[in-house]
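Keep the structure open beside you and follow along.

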Amino acid sequence: MTALIIGGSGFLGAELIRQAAAAGHSTAATYATEPGGTAHAKWWHLDLTEAGRLDEVMAEVQPNLVINVASSKASWGVTAQGPLRIAMAAAQTGSRLIHVSSDAVFSGERVHYDEHCLPDPVTPYGAAKAAAETGVLTLYPHAVVARTSLIIGHGRSVHERVVHELAAGTRQGSLFTDDVRCPVCVEDLVAALLELAASDAAGVRHLAGADAVSRHELGALIARRDGLDVSQLRTGLRAHSALPGALDVRLDSRATQKTLRTVLRGAREFCAVPPSSRSAPST
């Protein structure tokens, strides 16, 4: 199988490339600014706002599978319109399509969201992601739209870097106790995406971790795992800040989990301190 990872130079894209290559897939990946640091993929420059370029890449790669993880909070063209171009190209070539979306499509008003809940975004980014979902499934009903949440792993995620900087005192700020999500381990997420790609699934699927935790609780879990000083992680309330967006959004992934071999672990499990790293009891 030939897989094309659109947005392969990012955190999620890099893990997709690693696992796809390990599974024996011939793998190509696209980048907007510079290619990723892996030799496991052939790299192609792609600006999703540039008409015609995607068709050129598709013609050269001839993928059986396309996984789109590209997005930009600053660009409607990339986040909302780009996936429509991808869906049309995949439909024309008969390629399997997995489009990765986000819990940002929800307002948090109802807190718990399963695959049947309709988007009600409250930010421009959420609106772009919601528009992409609708467009992709309208143009290519056989595609999968996989919504996920905070992605953690390998110390390379944004949240992990923030926790390390706060603990080291090189960054000022706090972690919110009222901002709740269902974080997912990047390795679990990618394994689930590739499993969906190999199935006949279509439509919306939720791929989030089993635990709902606040940003601060997640930060504390990461700090303990990495041997950092948890006391350096100050608490705060997002409701008292000027930051836009939902407070409490919990993706319910139980329906999708029942169809998967991959277990979408909760943050309390995948951030657990390894037994060998725990202090031995005093005698």
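Let's start at C117, which counts as buried because its relative accessibility is 7%. Throughout, buried means under 20% relative accessible area, exposed means over 50%, and partly exposed is what falls in between, with a 1.4 Å probe and protein chains only. Before going on, bear in mind that this is a predicted model: local features need pLDDT of at least 70, side-chain atom pairs count only at pLDDT 80 or more, and totals for chains, interfaces and linings use all residues. Residues are numbered from 1 along each chain as its sequence is written, and side-chain values use heavy atoms, with hydrogens and water left out.

Back to C117: the closest cysteine sulfur belongs to C182, and at 13 Å it is too far for a bond. C182 is buried as well, at 4% relative accessibility. The disulfide count for the structure is 0, where a disulfide would be a pair of cysteine sulfur atoms within 2.5 Å.

Now for the sheet. Seen in order, β3-β2-β1-β4-β5-β7-β12 make up an open sheet of 7 strands with parallel pairing. Strands here are DSSP runs of E with at least two residues, helices are runs of H or I with at least four, and both are numbered from the N terminus; two strands pair if DSSP finds at least two bridges between them. At the edges sit β3 (42–45) and β12 (203–207), each pairing on one side only. From one strand to the next, the twist averages 20°. Zoom in on β5 (residues 96–102) and β7 (residues 144–148): they run parallel and are joined by 5 bridges.

Helix α3 (residues 76–93) lies across β1 (2–6), β4 (65–68) and β5, and runs at about 165° to β5. Helix α4 (residues 124–139) lies across β5, β7 and β12, at about 155° to β5. Those angles, on a scale from 0 to 180 degrees, are between N-to-C directions, with axes fitted as lines to C-alpha atoms (for helices, over the stretch in contact). Contact means heavy atoms within 4.5 Å.

What about the nonpolar interior? A nonpolar core is a set of buried Ala, Val, Leu, Ile, Met, Phe, Trp, Tyr and Cys residues joined through side-chain atoms within 4.5 Å. The largest one has 30 residues, and L12, L16, I67, L193 and L207 touch the most other members. Its largest share, 8 residues, comes from α6. A second, separate core has 23 residues, including I6, L48, A70 and V145.

Next, find D248, in the loop between β14 (235–236) and β15 (250–251). D248 counts as buried because its relative accessibility is 17%. Its side chain makes a polar contact with the side chain of R250 at 2.8 Å. (A polar contact is a pair of N or O atoms within 3.5 Å; within protein, one must be able to donate a hydrogen and the other to accept it, and residues adjacent in sequence count only if both atoms are side-chain atoms.) Leaving out residues up to four places away in sequence, D248 touches G108, V111, V180 and R181.

Finish at α7 (215–225) and the loop that leads on to β14, where G227 lies. Buried residues in α7 include H216, L218 and L221.
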